[in-house]
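Visitor: I would like to learn how to read a few features in this structure. Where do we start?

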Amino acid sequence: MTRLSSPIENLKNHYKVVIIGSGYGGGIAASRLARAGQQVCLLERGKEFQPGEYPNNEVKSLGEIQVDLPTKRIGSCTGLYDFHVNKDINIFVGCGLGGTSLVNANVSLQAEPRVFADQRWPQELRDDVKTLLAEGYRRAEEMLKPTAYPQDFPPLPKLDALEKSSKYLNENFYRPPINVTFKDGVNHVGIEQNKCNLCGDCVSGCNNKAKNTVLMNYLPDAKNHGAEIYTQVSVRQVEKQNNRWLVHFQLLNAGQEKFDAPAMFVSADIVILAAGTLGSTEILLRSQQAGLALSSQVGHNFTGNGDVLAFGYNTEQKINGVGFGNRPPSGQEPVGPCISGIIDMREQPRLDNGMVIEEGSIPGALAPILPKSLAAVGTILGKDTDEGLGDRLQEKLREAESLTHGAYTGAVRNTQTYLVMTHDDAAGEMYLENDRLRIRWENVGKQSIFQRVNDRLTEATRPLGGTQIPNPIWTNLFGHDLITVHPLGGCILAGNAEHGVVNHKGQVFSSNQGTAVYENLYVSDGSVIPRTLGVNPLLTISAIAERCCALIAKDRGWTINYNLPSAPTSPGVNTPAKVGIQFTETMRGYFSTEVKDDYQRAAQQGQKDRSPLQFTLTVIADDLEHLLNDPKHPAKIVGTVTAPALATEPLTVTNGEFNLFVVAQDQHETRQMLYRLPMTTEAGQSYYLEGYKELHDDPGFDLWSDTTTLYITVYAGDNNTNPVLGKGILKIQPVDFVKQMTTLKVTNAPSPTERLQAIDRFSRFFAGTLSELYL
């Protein structure tokens with residue numbers, strides 16, 4: 001399968017623009033600035049999922065869940081489903097290439113004009129509502145292609161039920177534009193898409209190529225125009241270094257964390273934070289702790305966009321609100337896109353009293369747990385909207401049917417899922433505690449608007465004859481806590497640093513007061529939104545991101561080519577990856593700049609001068625067969641080197657090379673492992689390290705010593721033609737060797753069997769070569 005992301009070993013030292021995050025803000029920035037002819041690098045914490053790879057059953061879904069609890073984190077830090085549990089409000093976002101667009105419900109609606117009349121928006125943006133912001137909305141719609149559920153598609157029971165509720169409420173009902181395609185073909189950026197198969201699994205990840213996530217438009221468009229995309233890269237903080245920015249990051253799933261390796265870095269002229277409301281705020285808070293001057297408003301004005309999740313359980317009519325999961329689409333009754341209808345109650349005399357009610361679908365992967373869960377919660381928290389002995393008997397029969405035959409029958413089949421957006425006070429605060437992002441927002445769930453929402457949902461359920469179940473954590477038992485899928489704020493737009501974190505362009509304020517900014521540091525995602533929007537926020541986030549990019553280009557005299565080709569070609573994606581292998585190792589020793597002609601004396605002098613040198617490197621062979629069959633074929637190396645004699649801070653290694661078992665010149669019974677490491681300091685100084693391990697059978701048992709001793713030479717420049725700066729010797733400690741063995745992993749193997757076969761081939765080759773030399 002082809003990928004948009006590139007192997008991390010291809011990462012360069014410096015870029016014109018580095019973008020952190022790949023959701024709507026990051027994807028738009030990458031596309032637009034690449035279209036402006038700039039050198040763009042995008043870094044994403046999550047993995048790349050292509051359609052067909054999203055979990056569709058309970059076991060696979062559990063493997064993609066990460067939960068950030070108050071005291072610890074559970075699950076992989078690259079899990080697709082990212083839950084954040086806090087005392088007052090809980091959050092669900094997506095983690096992957098494409099951000100939350102991978103797991104949202106696709107609704108693309110503009111915020112009503114009164115939202116932008118709020119004084120919390122900078123005056124410059126309020127002045128642009130009908131110009132640059134309107135243009136941003138149009139540009140975003142041009143790329144995301146939102147359209148309403150077609151009238152000529154099959155009727156959807158959950159949509160019909162919502163319309164029935166709207167008539168009872170006497171409120172405005174319609175089919176909103178959603179980022180879903182309803183026809184087969186190649187899209188406007190060259191990606192082949194299929195029409196929606198009505199499976200209902202939008203929020204667990206669309207395996208049918210029908211959902212217009214950022215992965216289907218902005219990101220391949222960025223790739224088409226030369227942007228480089230890297231995944232499983234967790235940015236920790238940003239740092240200003242003269243006229244450059246340093247982006248400090250950690251490689252994920254590479255094993256470097258087992259050695260407590262220091263962070264790597266890449267430098268850029270311009271940095272755009274687009275890691276989402278939680279991610280961008282966390283990075284700025286950590287950067288602030290490290291000394292970057294910022295507004296004291298970082299982390300403030302957090303809002304859940306007035307989100308409310310609830311259910312109309314066990315109604316008297318069929319809903320079909322559970323996705324197909326791993327069931328074959330053929331023969332299934334249609335569920336439809338996750339959200340296909342809306343009851344729009346925003347036009348209220350008082351803006352903050354407005355709300356929208358949308359119907360939803362539950363991913364099929366959760367189907368096994370739904371009958372018992374909903375029955376239990378319904379008994380404890382539910383409010384039945386109709387009465388009578390006969391009705392009660394029918395409800396019990398439907399409940400028994402679901403408990404016996406599963407979620408596609410009975411009470412669960414007849415359950416409507418509601419997602420409501422309204423307006424809260426946007427008074428939450430994000431902060432760091434033990435280097436982890438936490439949120440406090442006392443009594444948020446006790447705001448009167450949420451009781452008003454609950455009352456309206458009870459009325460919406462009444463004509464369906466069901467039991468209204470509020471969000472289970474919005475109860476007295478849990479202190480009326482909330483859950484949101486639309487976190488906003490934390491790095492809000494404002495006229496000055498006293499009231500926000502970035503100016504109307506997204507430039508970060510450079511002090512605690514006034515209007516001075518870092519000209520080349522931006523934030524462009526949901527974190528800049530200063531208040532609730534009262535509707536699904538993705539289109540407004542996208543419009544503001546488009547506006548930000550237009551202003552970035554205007555300020556620098558760049559021209560963004562917005563033209564879409566009449567006959568788009570497929571993006572220049574990488575060829576399907578071959579089975580590879582990688583491991584991470586740490587070596588420690590001593591290095592001297594005083595002795596340049598003898599390794600042993602240099603190591604002794606380095607130890608005497610207290611001049612250590614150690615590295616943690618990840619060796620990546622992208623083609624295992626080539627590595628085993630051609631000793632001259634190098635693997636790639638990335639990592640860090642700590643050497644006080646060279647720099648006070650760790651140096652970053654990119655585009656290094658490693659050769660396994662090269663025949664030593666004129667010594668056919670000797671093999672060498674070769675290391676070539678281009679190293680860069682935070683100040684931009686380049687060094688080059690060459691090293692070799694020499695494997696030769698000498699008297700005595702020297703196998704361990706040979707395979708764990710590296711003789712190094714460091715050059716004062718970016719290659720070995722520069723003057724020698726010094727020499728030394730490094731060794732692998734036994735405890736580090738044990739850790740190294742746990743980092744060995746196979747990449748791009750399509751199945752567990754092929755992973756085992758690859759490890760077996762590598763192990764046999766490695767052991768066989770050593771046997772030939774030493775036995």
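Guide: With strand pairing. This is a predicted model. Strands of a sheet pair through backbone hydrogen bonds, either parallel or antiparallel. Here, strand E3 (residues 65-68) pairs with E4 in the antiparallel sense, over 2 bridges.

Visitor: Which residue in E4 is the bridge partner of Val 67?

Guide: Ile 74.

Visitor: In what order do the strands of the open sheet run?

Guide: The order is E4-E3-E5-E6-E22, 5 strands with mixed pairing. Strand E4 (73-74) and strand E22 (482-484) are the edge strands, each pairing on one side only.

Visitor: Now helices. How do I read a packed pair?

Guide: Two packed helices are described by the angle between their axes and the distance between the axes. Take helix H4 (residues 132-144) and helix H12 (residues 538-556): the angle is about 110 degrees, and the axes lie 7 Å apart. H4 is therefore roughly perpendicular to H12.

Visitor: Is the crossing of H4 and H12 right-handed or left-handed?

Guide: Right-handed.

Visitor: Which residues of H4 and H12 meet?

Guide: H4 brings Leu 132, Leu 133, Gly 136, Tyr 137, Arg 139, Ala 140, Glu 141 and Leu 144. From H12 come Leu 538, Leu 539, Thr 540, Ser 542, Ala 543, Ile 544, Glu 546, Arg 547 and Leu 551. By class, the contact of H4 with H12 has 10 nonpolar, 3 polar and 4 charged residues.

Visitor: Can we read another pair?

Guide: H5 passes H11 in a right-handed crossing. Ser 165, Tyr 168 and Leu 169 of H5 make the contact with Arg 456, Glu 459 and Ala 460 of H11. The residues of this contact of H5 with H11 are 3 nonpolar, 1 polar and 2 charged.

Visitor: And charged pairs? How many salt bridges does a search of the whole structure find?

Guide: The general idea first. Side chains of opposite charge can pair when their charged atoms come close. The search of the whole structure gives 38 salt bridges. One of them joins Glu 546 and Arg 32, with the closest N and O atoms 2.8 Å apart.

Visitor: Where in the chain do Glu 546 and Arg 32 sit?

Guide: Glu 546 is in helix H12, and Arg 32 is in helix H1 (residues 24-35). The pair links distant parts of the chain, 514 residues apart.

Terms used
Residues numbered from 1 in each chain as written. Predicted model: local features only at pLDDT ≥ 70, side-chain atom pairs only at ≥ 80, totals over all residues. Heavy atoms only, no water. Axes fitted to C-alpha atoms, helices over the stretch in contact; angles between N-to-C directions. Helix = DSSP H or I, 4+ residues; strand = E, 2+ residues; numbered from the N terminus. Parallel < 35°, antiparallel > 145°, perpendicular 65-115°, else oblique. Left-handed = near helix turned anticlockwise from the far one by under 90°. Contact = heavy atoms within 4.5 Å. Nonpolar A, V, L, I, M, F, W, Y, C, P; charged D, E, K, R; others polar. Pairing = 2+ DSSP bridges. Salt bridge = Lys/Arg side-chain N within 4 Å of Asp/Glu carboxyl O.
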